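I would ask you to keep the sequence and the structure in view while I speak.

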Amino acid sequence: MRTVVTTENVSPGERFDFWVDEISRLLFVPLDTAQTTADIFHGTATDGRVGALQLSSLSAGPLRVRRTASLAARYEEDFYKLSLQVSGTAVIEQDGMRSRLTPGDLALCDTSRPYSFTYESHFSTVLMLLPRSLIPLRPETLRAVTGKNMAADKGVGAVVAPFLQSLTEQSAHCAGPEVSRLADGAVSLVTALLCERLNRTTPVAPHLATTLRIRDYIERHLADPDLTPDAIARAHAISRRYLFKLFAEEETTVAGWIRTRRLERCARDLADPATRDQPVAAIAARWGLLDGRHFARVFKAAYGETPRDYRRRATVDPTSARAPMTSG
């Protein structure tokens with residue numbers, strides 16, 4: 001982590017406006033922010049990144065932040081924001097749900113819809129922004145848990161909370177090929193947490209549980225060039241038709257999901273300095289894409305540049321490696 005925002009050296013009368021401008025830039029999810037007391041404002045923030053995950057640690061005085069409907073509609077890229085309350089208290093609201101957070105509590109909100117956090121006193125919080133596409137659950141399904149307190153005293157929450165805080169603190173020291181694997185692990189943990197909470201709220205529908213098992217199977221077999229809809233259907237004792245229906249409900253296709261996940265793994269390896277000497281074709285083949293020309297075409301369609309250009313740019317500036325333009 002690195003300190004990127006502090007009001008320490010800003011004149012008292014300008015501190016809050018300075019904070020609002022800098023935090024909006026830091027989080028790249030613009031918010032309507034208001035101070036709730038007349039006290040002199042103090043605030044410090046650090047940030048970090050692990051793969052596609054943005055991590056922030058904020059400590060500040062009482063305030064309210066709102067993601068209004070107009071702000072949510074103005075920006076195309078949507079995220080889930082996972083919040084860990086470290087000290088102080090807060091009230092989170094989304095979709096008519098209102099929950100109070102105390103130290104150790106987790107909460108999730110969807111930045112594509114209005115939400116607010118009201119911090120009632122001086123507070124510290126850790127935030128993780130995840131692209132919505134990384135969570136293999138439909139946004140409509142997650143409405144059952146957004147805006148709700150997820151106490152982290154037991155179950156998956158008791159694992160996620162300390163992991164999130166440690167990951168945030170150590171993000172600056174994470175480099176090399178393990179970064180993407182660490183990000184994958186973080187997404188898996190968050191997904192497990194959300195599935196646990198969904199089960200507590202409303203038992204997960206059988207078709208959703210099947211979809212999650214299938215996606216996990218795909219993840220474990222991405223390197224197999226014979227990973228096909230027929231093979232997946234057989235492994236789960238379901239028909240091709242039912243398999244296609246499950247993915248249609250997720251607004252994607254089986255082949256599209258496999259292709260997207262393979263391309264993401266290839267992009268990860270292309271940006272990894274440890275694989276710099278490996279041919280592009282070898283990296284593609286490692287993830288089940290044996291036709292080099294076909295791989296180059298679909299990679300460029302997804303990322304807007306050839307695999308070689310992507311590798312070249314990522315080598316010069318590792319932070320520039322971007323997500324695919326389409327999800328397949």
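Let me begin with aspartate 95, which lies in the loop between strand S7 (90–94) and strand S8 (97–101). Please bear in mind that this is a predicted model. The phi angle of aspartate 95 is near 55°, a positive value in a residue other than glycine. Its relative accessible area is 41%, so aspartate 95 is partly exposed.

A second residue belongs beside this one. Alanine 237 is likewise not a glycine, and its phi is positive, at about 55°. Here the loop runs between helix H7 (229–235) and helix H8 (240–249). Is alanine 237 buried or exposed? With a relative accessibility of 74%, where exposed means over 50%, alanine 237 counts as exposed.

I turn now to the interior. In soluble globular proteins, nonpolar side chains tend to be buried together. The largest nonpolar core in this model has 32 residues, and those with the most contacts inside it are Leu82, Leu106, Met128, Leu130, Ile135, Leu137 and Leu194. Two or more residues come from each of several elements: strands S4 (53–60), S6 (79–87), S9 (106–110) and S11 (123–131), together with helices H4 (157–170), H5 (178–201) and H6 (206–220). Which element gives the most to this core? It is H5, with 9 residues.

Leaving aside neighbours within four places in sequence, leucine 137 is in contact with Tyr80, Leu142, Leu194, Cys195, Leu198, Leu208 and Leu212. There is also a second, separate core of 28 residues, which includes Ile218, Leu263, Val280 and Leu289.

Helix H6 deserves a word of its own. The buried residues in H6 are Leu208, Thr210, Thr211, Leu212, Ile214, Arg215, Tyr217 and Ile218.

The loop between H6 and H7 contains leucine 227. Its relative accessibility is 7%, so leucine 227 counts as buried. What does leucine 227 touch, not counting residues up to four places away in sequence? The list is Tyr217, Ile218, His221, Leu222, Ile232, Ile258 and Arg262. By contrast, 42 Å separates the C-alpha atoms of leucine 227 and arginine 2, which are 225 residues apart along the chain.

Next, a pair of helices. The axes of helix H9 (residues 254–270) and helix H11 (residues 292–303) come within 11 Å and cross at roughly 90°. H9 is therefore roughly perpendicular to H11. On the H9 side, the residues that meet H11 are Arg259, Leu263, Glu264, Cys266, Ala267 and Leu270; on the H11 side they are Phe295, Val298, Phe299, Ala302 and Tyr303. By class, this contact has 9 nonpolar residues, 2 charged residues and no polar ones.

At 22% relative accessibility, arginine 313 counts as partly exposed, because the buried class means under 20%. Arginine 313 and alanine 271 are 42 residues apart along the chain, and their C-alpha atoms are separated by 8.5 Å.

How values were computed: Residues are numbered from 1 along each chain as its sequence is written. This is a predicted model: local features need pLDDT of at least 70, side-chain atom pairs count only at pLDDT 80 or more; totals for chains, interfaces and linings use all residues. Side-chain values use heavy atoms; hydrogens and water are left out. A nonpolar core is a set of buried Ala, Val, Leu, Ile, Met, Phe, Trp, Tyr and Cys residues joined through side-chain atoms within 4.5 Å. Buried means under 20% relative accessible area, exposed over 50%, partly exposed in between (1.4 Å probe, protein chains only). Helices (H or I, at least four residues) and strands (E, at least two) are DSSP runs, numbered from the N terminus. Contact means heavy atoms within 4.5 Å. Axes are lines fitted to C-alpha atoms, for helices over the stretch in contact, and angles run from 0 to 180 degrees between N-to-C directions. Angles under 35 degrees count as roughly parallel, over 145 as roughly antiparallel, 65 to 115 as roughly perpendicular and the rest as oblique. Ala, Val, Leu, Ile, Met, Phe, Trp, Tyr, Cys and Pro count as nonpolar, Asp, Glu, Lys and Arg as charged, and the others, Gly among them, as polar.
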